[in-house]
Structures are given as structure tokens and as C-alpha cells.
Amino acid sequence: MAPANDMDVAASNTLTILGCGTLGSAILFGLLVMLTENGLSKGSLQNGIASNGNNKGLPNGHTHSPSDQDFQKPTHFIACVRTPQSAERLRAELSKFNDAPVTIVQGDNVQSCLGEPSLTKALKGKLLISILAGVTIPQIEGILHPSSPTTKPAAKANGSTRSQAPTTIVRAMPNTASFVCASTTVITSTSTATASALHLVDWLFTTIGTVTHITAGQFDACTALCGSTPAFFALFIESLLDGAVALGLKRSEAQTMAAETMKGTAMLILAGESPDTLKEKVATPGGSTIQGLLALERKALRGNLADALIRCTAAAGSLGDVHS
Amino acid sequence: MAVNVLCLNITFLGCGKLGSAVLEGILSSLSEPHERFIPPSQPFRTKDDEPTLGLISVVPEKILACVHQQRSADSLKEKFGPKGVTVLANENVRGVEQAHMVVLGVEPSVFGEVLAEPGMRDALSGKFLISVVGGVSIQRLEAAIYGSGPRTEEDKERSPIIRVIPSTAAAVRESFTLILEEKDHRYRPEFLISIYSLFSRIGTAKLQPDSHGHIAATLAASSPAFFASALEGAVNGAIELGMEREEALEMTAAAMRGAAALMASGESPGEVARKIATPGGSTAAGLEVLRDGGLTTLMQDAVVKTASKVGGLGEKK
């Protein structure tokens, strides 16, 4: 978490978002909502995890404990954007909050500046959470610590000639539902990440949804599953609404119904129901639901969705090629 | 404002998959204070300036489930008996006699004979009849109970019948339930409020003008199956990529919940997709596959086919 160039901020309480686009904004707003609702106080980490369920334990044998308050939760934010238009947009959206503790910084292409010596230096000893799709931790480390290009890009806590500790890099992929604090965020880290760092990352993302720790190899598939499928389901509902409107329903009413029903379906499955059993329960013999289901089967809906997911994953993996 | 707490006995006449889901949801709602299930009086004001209605909260007292097959009765007893539900096999009239409210949940093919059973008409007298039977109109339900002749003096005491469309998510109290208002039926506000209160125990309830009832039936009751199919497809893709099924299921369901939450809060589907899919990005690639596969027309087709079938349910073949 690096302070901006010439700003003197209590570093440990500041969260900087390098590149505050759609996803960065979603996270920022989700955090601001949670913090303003809870009065910027240090909420209990245990509560944060418990209230979102579905959280697996931390990797590397770290566990949550009541003494996890020792890391500093952010109370100030710096959002870095590339263009004046982005800065304007952000300012407009932030005006919904009274006195949002956010500083907007506009600068050059933030992605290319990761390799800049001044930023690299500023990141020393700090925690860097990357939400870049398709860019692996080894790739980021290769940019931040290019002094040993021949070593395998596995994280090593020592062996550096610098006097300060290297940057701790954690990779996270939340999704746009952060806006309504319903994100599914997957996180991967390396063995050098401390318990304290992992706790902070968990806290950050549990304020805007659920958190799961995964291995690096699963990251692209999870990016697709958690980050992209919401768009698939949105397209699904849009098409369903077109059908409903054609039959005479008002679009806004139909949308509420469809969205609420989709939410209920998701919750049933999260509660343990399998999709098969659910379909069986809904599609009574000779009834109306099976007519619709058959129409979907005949046109290979499931295969189509599977293909979309696979294609999406492949594309996610190759996004990082631009940066390496 | 004072709250009128109505402690009512509820009989599930027919307790199949949907009935069981509703029953399960109601049972788990009992642990919460009844104040949580008081509907707003706003939607229920009558046109003539009636004095403000009191608030009503329906609290299920005794719950009965009536089924036909002993086998069904046994499995229901096992599941709900320990929670205090009385399960009866082939004792429909007796079950209805003990109720204040009756939830009719039999299959569309048998509603006629169930309602025409000797003694049923009298048993139903003075009670509310809530039908969750798909695609069967109030007219046909009334005809089954009272015959299709003109109303007589005695018929003043006909039980009010209302159609309600819950969904299987009732089991986890996440049903989006439609309470159908039919144009030829004027319900007394207290009646509507009571229904609303009961069904708020299993999720969100909404009054729906019945002119579009059958389309609403499609969306509310059938679409969970369509969503489950879509979800399955994505999960299968993830499994092919090497992910464990359980993990993929959990993530996809959570992602679906998030998407739904966004759209339920008012974001249009188009907006949601646009926000996520940066041009040339990975999501856009996936969406292209969906569009190439004809998702848009496919879904419209499914909805239309389902809605048209609903109209024909319960017809004698």
C-alpha cells in the first residue's frame, strides 16, 4: 500500500488503488459503504468472516484468532486513474458519500509504472494486492524485483541485496457485485505472505462479499467462474426478459421477478441443493417447466455455457501475455 | 398501531415437492418473532376510504399435511413429524376440518376429485383456500367444489379462494411469491393481508394482477430450473478445466447470487454485462460464445413454450 509520490500519509492506514477502473471503483465503493455503515471502526475480523459464510481457512496453516486486530485497517484511500475523464467520473460517483476519505490522483499509465524504480522502491516492505486478470504473481515479481532474472520466480523472503523487505504480493479476483457487497473473490498468495497480510486481505474482501483461497493454477478458471459468469447470467436474464415482455409483462416488474428468483436459486444451491435435484423438484411430470427445459436442452444450453466458460478461461490466461 | 396476531391452523391439502418446500420454509420461520411478518398496509387499501386497517400477523399454530399415498405420508412424517406437523394419509376432509387456512398443493390432474370429495365442501366452509396448483383457475376450483351452476343463497358463505405462486426456494425462505389478484374477484383487505403475512415467512411476497398470471407463473416458478441448467453448464466447463465439482458449484452459485443481487437492486442486465466485459477482455470472449450459440432466442423460446403450456394444465386429456 504505497502513498502517492509526494504525499505524506500515515502509510499503514492508507489503501492505494493503482488503476481505479470499473473493478477498482467497485471495490472502493463497497469498502466505503461498509466503513461508513460501521462508522470507520475496527470491526471484528471474526464477524466479517462469519457473516459471509463460505470462507475456507487461510492457507499455510495460518488461522484466524481474536488477536487479529494488530493489522491496520485502511481509513484513507488514494485512487489513481489515467485520464482526466476518469478522474471526473470518480469524483462524481464519490459525491454520493459525505466526506469520503478518498484522494484522486491522475497520472500516466499505471500499469507500465509498476516497473518504474521510484514506485518499485516505494512498494518495498508493503503489501501489494493485484487484481489484474491474467497476470501471475511470478510475473509481477519479475517486474518488481528484476535484479535476479536467472532465479526461478518463486517468492523468497531473503537473498535480496536491498536493505528493506521485498513487496508481499497477493493476487485477488473480486467481481462487479462488489457494488452490492456480494462479490465472490478468489485469492492466491505465496508462502512468504504473513498471517497478518493474509488477514488484512481477507478483511478487505470480506467487507464486499465472500472470499476463497485457491492455488495459482486454478486462478484463470476461477477468474472466469467468479468474475465473468455474472455477465453470462445477466445475458441470460436479459434474454428471458425479452421473452416475458413479448408475452405482455412490464420489463421492470419482470426483471425484479427474474432477479429475485435467480437469487433464490443461487441460495438454494449454496445451501447444498444440487442443480439436478432442484430441476427435478421444479419440473413436475407433464408440466410447464419441462417444456421450457426441453427447449433449452434441444439447443444445447449447457454445452453452450460450458464452452463460454472454457473460452473465457483461455482468454483470461492470455491477457497476461501483454504485460510480460 | 396495534397488531392483530392471528393464530391459525394450516392444512396442506396435498404436500408434494412444492408443498414440502413451503412447509419447510414456514417451519423454519417459526423461530423468529412474529413482528417480522407484518405486511405493509399500503397495497391493501380499498378504493372507498376505509379507516386504516390494523396490522395483521399470521402465526401458524397447528400444521397438518394431507397426502394420498401411505408412502408419501411416511416420508413426510419422518421429515416433519419431529417438528410437530400432523401427517394424515387419505383423510383429507378430516385434515381440512381442523384448519383455518388450507393450502391446496395437489397435482393439477387430481384437484377435481380432491375438491369434490363428499364432505369437503362443508369442511371448507368459513376457511381460506390458497391454491398453489399451477395453471388452474379460480373458476375451475370453484366449479370443483360448488358445481358449475349459478350461485345460490347458500353460496354466500363460499370460501374465498386465492391463487399463489411460490417457488421451490421457499425451503430456504428465499421464494419470490406472487399473490394473484384476479379481476373478477374482490378480496377483503384483511384476507389479502393475512395471505401476505403468511407468505412473507418464506421469502418476499408480491401482489400480481392476474391478467399476466400465467407468464408470472413461468418466471416465478419455472425459471429456477432454467437457472439451474445454466449454472450446471458453467460448472461442467469448470470441471473440464480441472476444478473440483463442489468448489465450482459453490463459486458459480455465489457468482449467480451476486449477479442477481445487482439486477434486483435495479441495474439492468445490459449494464451489468457492460460493466464486467471490458472490450477485448476475457468476459467478452465468453459472451461472444453465448451469443453465437443463440442464447437470446433460446431463452425467449423457453419462456414462451413454458407460458403456453401453463394455460393448458389440469385439462382432462
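## Chain B: overall make-up

Within chain B, residues 24 or more positions apart account for 74% of the contacts with a separation of 6 or more, a contact being a pair of heavy atoms within 4.5 Å. The structure is a predicted model, in which local features need pLDDT of at least 70 and side-chain atom pairs count only at pLDDT 80 or more, while totals for chains, interfaces and linings use all residues. Residues are numbered from 1 along each chain as its sequence is written, chains are lettered from A and ligands numbered from 1 in the order in which they are written, and side-chain values use heavy atoms, with hydrogens and water left out.

Chain B contains 12 helices and 8 strands. Helices (H or I, at least four residues) and strands (E, at least two) are DSSP runs, numbered from the N terminus. Of the 317 residues in chain B, 56% are buried. Here buried means under 20% relative accessible area, exposed means over 50%, and partly exposed lies in between, with a 1.4 Å probe and protein chains only.

## The sheet of chain B

Chain B holds an open sheet of 8 strands with mixed pairing, in the order E3-E2-E1-E4-E5-E6-E7-E8. Strand E3 (86-89) and strand E8 (203-209) stand at the edges with a single partner strand each, so one side of each has no neighbour in the sheet. On average, neighbouring strands of this sheet are turned by 30° against each other, direction ignored. Two strands pair if DSSP finds at least two bridges between them. Strand E1 (residues 3-13) and strand E2 (residues 55-67) of chain B pair in the parallel sense over 10 bridges; the bridge partner of Asn4(B) in E2(B) is Ile56(B).

Helix H2 (residues 70-80) of chain B touches E2 and E3, and its direction makes about 170° with that of E3(B). Helix H6 (residues 138-146) of chain B touches strand E4 (101-104), strand E5 (128-131) and strand E6 (161-165), and its direction makes about 130° with that of E6(B). Axes are lines fitted to C-alpha atoms, for helices over the stretch in contact, and angles run from 0 to 180 degrees between N-to-C directions.

## Selected residues of chain B

Ile193(B) belongs to helix H7 (residues 189-199) of chain B and is buried, with a relative accessible area of 2%. Its C-alpha atom is separated by 9.0 Å from that of Val58(B), 135 residues apart along the chain.

Asn90(B) lies in the loop between E3 and helix H3 (92-97) of chain B. This residue is exposed, with a relative accessible area of 52%. Its phi is near 55°, a positive value in a residue other than glycine. Most residues other than glycine have a negative phi.

## A buried strand in chain A

Strand E5 (residues 168-173) of chain A is mostly covered, with 6 of its 6 residues buried. In a regular strand the side chains alternate between the two faces of the sheet. Both faces of E5(A) are covered: Thr168(A), Val170(A) and Ala172(A) are buried on one side, and Ile169(A), Arg171(A) and Met173(A) on the other.

E5(A) is joined by 4 bridges to strand E4 (residues 127-130) of chain A, and these two run parallel. Leu127(A) stands opposite Thr168(A) in E5(A). Another 4 bridges join E5(A) to strand E6 (residues 183-189) of chain A, in an antiparallel arrangement. The bridge partner of Arg171(A) in E6(A) is Thr188(A).

## Helices meeting between the chains

Two packed helices are described by the angle between their axes and the distance between the axes. The axes of helix H7 (residues 219-246) of chain A and helix H10 (residues 269-276) of chain B come within 8 Å and cross at roughly 155°. H7(A) is therefore roughly antiparallel to H10(B), a term for angles over 145 degrees.

## Annotated regions

According to UniProt, in an unreviewed entry, residues 15-35 of chain A are listed as "transmembrane region". Over these residues the chain is 67% helix and 19% strand, and the end C-alpha atoms are 13 Å apart.

The UniProt annotation "domain: Pyrroline-5-carboxylate reductase catalytic N-terminal", also from an unreviewed entry, covers residues 60-133 of chain B. That stretch is 36% helix and 27% strand, with its end C-alpha atoms 21 Å apart. UniProt positions are given in the numbering used here, feature names are shortened, and annotations may be inferred rather than shown by experiment.

Methods
Angles under 35 degrees count as roughly parallel, over 145 as roughly antiparallel, 65 to 115 as roughly perpendicular and the rest as oblique.
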